[in-house]
Amino acid sequence: MNDLAALDLNLLVVMEALFAERHVSRAALRLNRSQPAVSQALGRLRLTFEDPLLIRGAEGWELTARAREMEPVLAETLAAVRGLVRPTPFEPAQTRRTYRLTMSDYASAMLGPRLLPVLREQAPGVHLSITTRSRDAAMAAVVDGDVDLALGVFPERPAQVRESLLLEERFVCVMDRTTLGDRFDPSAYLARPHVSVAVQDGRVDEVDGALARLNHRREVVVTLPHWSVAPDLIAGTDLVLTISSRSLREPLDPRLAVVPPPFALTPFRFVQTWHERRDGDAGLQWLRQRLSECAVAA
């Protein structure tokens, strides 16, 4: 009982954030506290449990063996305590928070113009920090707590990462109208040089994967890291760009022709993903709902 009397329950909340984020600054951001305050709380926790809890490893901060043992017990304990306390309603207009998102320029261009007016009207205290990462890096950032949401196409994701569908997207082919010809069949497609958008190093994209399954291979002469600039490179060339339909800005350059691919390309799922530990985050639930609404309108 004396040990319990010496323990401040608020310290357990800090410990939960530290265990989840494995970083003092990120835990402070998650808790909306200052970094010195969280550092001081970590010092008290270390004294209380007579263990460092967080130590520097080869790839950043890591939990000690004692901390790893405590982590599931701590989660169960705080879940039980929170069940005794009436949850505080989330008030968008009153919140002061920075959401960290990772997405491609395609997603930013598609959702940003719809999302930002909503945020400014309903939650003016909300800030967005948006980065672009490869698929693997985005999933790692979600798991490590470096981002709150990752938006994109993720055929593979860790078991602890949740997802919800924002939209299904289809591919189209873009080329200079003068080079379209009378027939755009698979042979004509494969005979042309191509532009590819690759935001993931070393990974075969959906187009090349579909061609490989048909025992075909296209010649990619230009590889770009961004979707937005790709259509601007096509006019006046013999290049073909196979791109998601919503990547094309309106009005489209009249010199360009847009046609369906001459072979089967399965529509792809564009999703938003988050770590399961954020399931109970009312503020993040609110943002996910706003993103879903923006995607419906896209």
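Helices (H or I, at least four residues) and strands (E, at least two) are DSSP runs, numbered from the N terminus. This is a predicted model, where local features need pLDDT of at least 70, side-chain atom pairs count only at pLDDT 80 or more, and totals for chains, interfaces and linings use all residues. Residues are numbered from 1 along each chain as its sequence is written, and side-chain values use heavy atoms, leaving out hydrogens and water.

**Exercise 1.** Find how many helices and strands the protein has, and how spread out it is.

*Solution.* Start with the elements: the protein has 10 helices and 12 strands. Next, take the radius of gyration (over C-alpha atoms) and the globule rule (2.2 Å times the number of residues to the power 0.38). The radius is 24 Å, well over the 19 Å that the rule gives for 298 residues, so the protein is more spread out than a compact globule.

**Exercise 2.** Locate the partners of the salt bridge between Arg97 and Asp281, and decide whether each is buried or exposed.

*Solution.* Recall that a salt bridge is a side-chain nitrogen of Lys or Arg within 4 Å of a carboxyl oxygen of Asp or Glu. For Arg97 and Asp281, the closest N and O atoms are 2.7 Å apart. Arg97 lies in strand E3 (residues 97–102) and Asp281 in the loop between strand E12 (268–275) and helix H10 (282–297), so the pair ties together parts 184 residues apart in sequence. Now apply the cut-offs: buried means under 20% relative accessible area, exposed over 50%, partly exposed in between (1.4 Å probe, protein chains only). Arg97 has 18% and is buried; Asp281, with 19%, is buried.
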